[in-house]
Amino acid sequence: MDYENILPAVERILLMSWLLKDFGWMCTDIYLGWPFGVTAIFYHIVMVIFDPRTSFRFYNFSILLWVIGTYG
């Protein structure tokens, strides 16, 4: 599979879901924050597993842990 063409789209979806999760968190709206938080975590896991750039593996994993830590 050609991940170099797919990963930029995944990163855009990840960024939008992350921003909407944070917006829902700041507004204390569980119905906005929770689904986009799950989406952000899912796409972070996808990035950690499928990103062929080894230099970004630690970066993506650390951001995944940070999103999981701030999710609750």
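This is a predicted model: local features need pLDDT of at least 70, side-chain atom pairs count only at pLDDT 80 or more; totals for chains, interfaces and linings use all residues.

Modeller: Arg-53 has a relative accessibility of 33%, so this residue counts as partly exposed. The side chain of Arg-53 meets that of Glu-11 in a salt bridge, with 3.0 Å from N to O. This pair links distant parts of the chain: Arg-53 sits in the loop between helix H2 (30-50) and helix H3 (57-71), while Glu-11 belongs to helix H1, and the two are 42 residues apart. Glu-11 counts as partly exposed because its relative accessibility is 34%.

Arg-53 also has Asp-51 as a partner: their side chains meet in a salt bridge of 2.9 Å, N to O. Through shared partners, the salt bridges join Glu-11, Asp-51 and Arg-53 into one network. The side chains of Asp-51 and Arg-53 are also joined by a polar contact of 2.9 Å.

Asp-51 itself is found in the loop between H2 and H3. Its relative accessible area is 3%, and the cut-off for buried is under 20%, so Asp-51 is buried. What surrounds Asp-51, leaving aside its neighbours within four places in sequence? Its contacts are Leu-7, Val-46, Phe-56, Arg-57 and Asn-60.

How many salt bridges are there by this rule? The count comes to three. Besides the two described for Arg-53 with Glu-11 and with Asp-51, there is a salt bridge between the side chains of Asp-22 and Lys-21, at 2.9 Å from N to O. Is Lys-21 buried or exposed? Lys-21 counts as buried, because its relative accessibility is 3%. Asp-22 has a relative accessible area of 23% and is therefore partly exposed.

Back in helix H1, which covers residues 3-26, there is also Arg-12. Arg-12 counts as exposed, because its relative accessibility is 57% and the cut-off for exposed is over 50%. Arg-12 and Tyr-43 are 31 residues apart along the chain, and their C-alpha atoms are separated by 10.0 Å.

Terms used: Residues are numbered from 1 along each chain as its sequence is written. Side-chain values use heavy atoms; hydrogens and water are left out. Helices (H or I, at least four residues) and strands (E, at least two) are DSSP runs, numbered from the N terminus. Buried means under 20% relative accessible area, exposed over 50%, partly exposed in between (1.4 Å probe, protein chains only). A salt bridge is a side-chain nitrogen of Lys or Arg within 4 Å of a carboxyl oxygen of Asp or Glu. A polar contact is a pair of N or O atoms within 3.5 Å; within protein, one must be able to donate a hydrogen and the other to accept it, and residues adjacent in sequence count only if both atoms are side-chain atoms. Contact means heavy atoms within 4.5 Å.
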